[in-house]
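Hello,

My notes on it come after the model.

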Amino acid sequence: MDDSRIRKLSQQIELPCFIEQTADLLYLTGLDLSKGRLFVSKTDAVLYVDGRYYGKAKKEAPCHVLLWDEQKNRTEKEIGFDSAVVSYDGYLALKKGFPSVEWTPKPSPVRNLRAIKDPKEIEALKKAQDLTARGIQKVIEELRVGVTEEELALNFEIFCRKNGASGLSFSSIIAFGENSAYPHYRAGKAKLKNGDVVLIDVGAVVDKYNGDMTRIHYFGKPDDRIVHFEKLVSHAQKKAMNHIKPGVKIGELDQIVQDEFDKANVKPLYTHSLGHGIGLEGHEFPKIRFDGEDKNVILKSGMVFTVEPGLYQPGVGGVRIEDMVVVTQTGFEMFSQN
């Protein structure tokens with residue numbers, strides 16, 4: 001692991017900073033730590049870990065490594081902390097442990113760096129999404145009357161782990177019929193019957209990076225309303241994707257979908273944001289929503305996020321289509337065409 005990411009961060013920060021979010025530590029050091037704290041300044045970088053990780057960190061970290069208790073030897077008068085991660089109790093502990101330091105909140109100091117994926121990250125994301133797509137196809141092949149959502153979710157996980165996944169991006173969403181009307185549904189004991197729409201929202205983790213894809217499948221003759229929803233969702237997704245290129249405000253993508261659904265008189269059935277960043281975490285900055293806090297974030301080449309419009313009608317069912325894209329210099333590329 002080289003120190004290029006730490007050096008980039010040191011060039012961006014205004015004052016010395018403590019980094020302790022686990023995904024940030026993995027991104028910056030290459031180490032998967034349950035506890036650690038990275039001090040970064042314009043001229044210095046030190047990783048503090050306890051005895052569990054000290055030996056491994058000394059060998060593999062791209063910076064100086066010290067034991068946790070040696071933090072008390074720091075002499076800086078002002079240090080930033082990640083206020084998006086550190087709780088109030090954590091802040092009080094910092095004040096107590098470092099009484100001479102002025103603590104300045106710096107929310108998510110690594111997020112802009114992580115938002116732009118490098119070629120190695122993009123390759124890992126492609127692997128994760130390709131395996132996710134293959135897993136979805138495996139689920140579809142196993143559809144039969146009487147199979148439960150839970151059985152298919154388990155089989156998806158087994159398939160992915162046998163084919164290189166270290167885990168799942170999240171608890172698999174496999175929803176039959178009316179259950180598909182709940183966007184954050186989790187696979188349960190419902191049994192598949194003829195005429196059900198099957199919504200499959202799953203993700204595999206490969207080389208620490210997350211896949212995330214949603215597809216629907218008709219088991220028998222579907223409800224006409226579901227077929228209509230699928231056409232609307234597919235059209236809205238394509239229209240939003242065609243707007244993806246560097247320089248575009250990210251909120252504009254969701255606004256396109258909002259407008260399309262409004263014209264079709266189904267806007268109230270669209271109940272979530274259009275998508276989210278993805279990488280070492282399943283949900284990362286930025287959130288793609290027309291009125292969200294990230295709405296004015298400008299798309300840049302290397303950003304990776306999901307595009308997942310959906311329509312949901314309780315008592316009938318729902319449709320969501322989700323793909324992962326990377327912004328290129330001239331537009332975008334979709335990670336899997338399946």
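Predicted model: local features only at pLDDT ≥ 70, side-chain atom pairs only at ≥ 80, totals over all residues.

**Two helix pairs**

Two packed helices are described by the angle between their axes and the distance between the axes. Let me start with helix 6 (residues 119-141) and helix 7 (residues 149-162): their axes come within 9 Å and cross at roughly 140 degrees. On the helix 6 side the contact is made by L131, T132, R134, G135, I136, K138 and V139, and on the helix 7 side by L152, F156, F159 and C160. By type, the residues of this contact divide into 7 nonpolar, 2 polar and 2 charged.

The other pair is helix 8 (224-241) and helix 9 (250-263). Their axes are 9 Å apart, and the helices pack at an angle of about 145 degrees. The crossing of helix 8 and helix 9 is right-handed. Here L232, V233, H235, A236, K239 and A240 of helix 8 meet L253, I256, V257, E260, F261 and K263 of helix 9. The contact of helix 8 with helix 9 has 8 nonpolar residues, 1 polar and 3 charged.

**The nonpolar cores**

Which residues touch the most other members of the largest nonpolar core? They are I244, L253, F261, L274, L299, F305 and L311, out of 37 residues in that core. Several elements give two or more residues to this core, among them strand 8 (173-176), strand 9 (196-202), helix 8, helix 9 and strand 14 (284-288). Helix 8 supplies the largest share, 7 residues.

Leaving aside neighbours within four places in sequence, L311 is in contact with F229, L232, V233, F261, V266, L269, Y270, G317, G318 and V319. A second, separate core has 33 residues, including L113, A124, L280 and V304.

**A buried phenylalanine**

F18 lies in strand 1 (residues 17-19). F18 is buried, with a relative accessible area of 0%. Beyond its neighbours within four places in sequence, F18 is in contact with R37, L38, F39, Q71, R74, I79, G80, F81, D82, L94, F98 and W103. Take I79 from that list: F18 and I79 are 61 residues apart in sequence, yet 7.1 Å apart in space from C-alpha to C-alpha.

**Backbone details to check**

Most residues other than glycine have a negative phi, and most peptide bonds are trans.

- F285 and P286 are joined by a cis peptide bond, with omega at about 0 degrees. P286 is in strand 14.
- K208 is not a glycine but has a positive phi of about 80 degrees. K208 sits in the loop between strand 10 (204-206) and strand 11 (209-210), and is partly exposed, with a relative accessible area of 40%.
- N265, also not a glycine, has a positive phi of about 60 degrees. N265 is in the loop between helix 9 and strand 13 (275-277), and is exposed, with a relative accessible area of 69%.

Happy to talk any of this through once you have had a look.

Best wishes

Technical notes: Residues numbered from 1 in each chain as written. Heavy atoms only, no water. Axes fitted to C-alpha atoms, helices over the stretch in contact; angles between N-to-C directions. Helix = DSSP H or I, 4+ residues; strand = E, 2+ residues; numbered from the N terminus. Contact = heavy atoms within 4.5 Å. Nonpolar A, V, L, I, M, F, W, Y, C, P; charged D, E, K, R; others polar. Core = buried A, V, L, I, M, F, W, Y, C linked by side-chain atoms within 4.5 Å. Buried < 20%, exposed > 50% of the residue type's maximum accessible area, 1.4 Å probe, protein only. Left-handed = near helix turned anticlockwise from the far one by under 90°.
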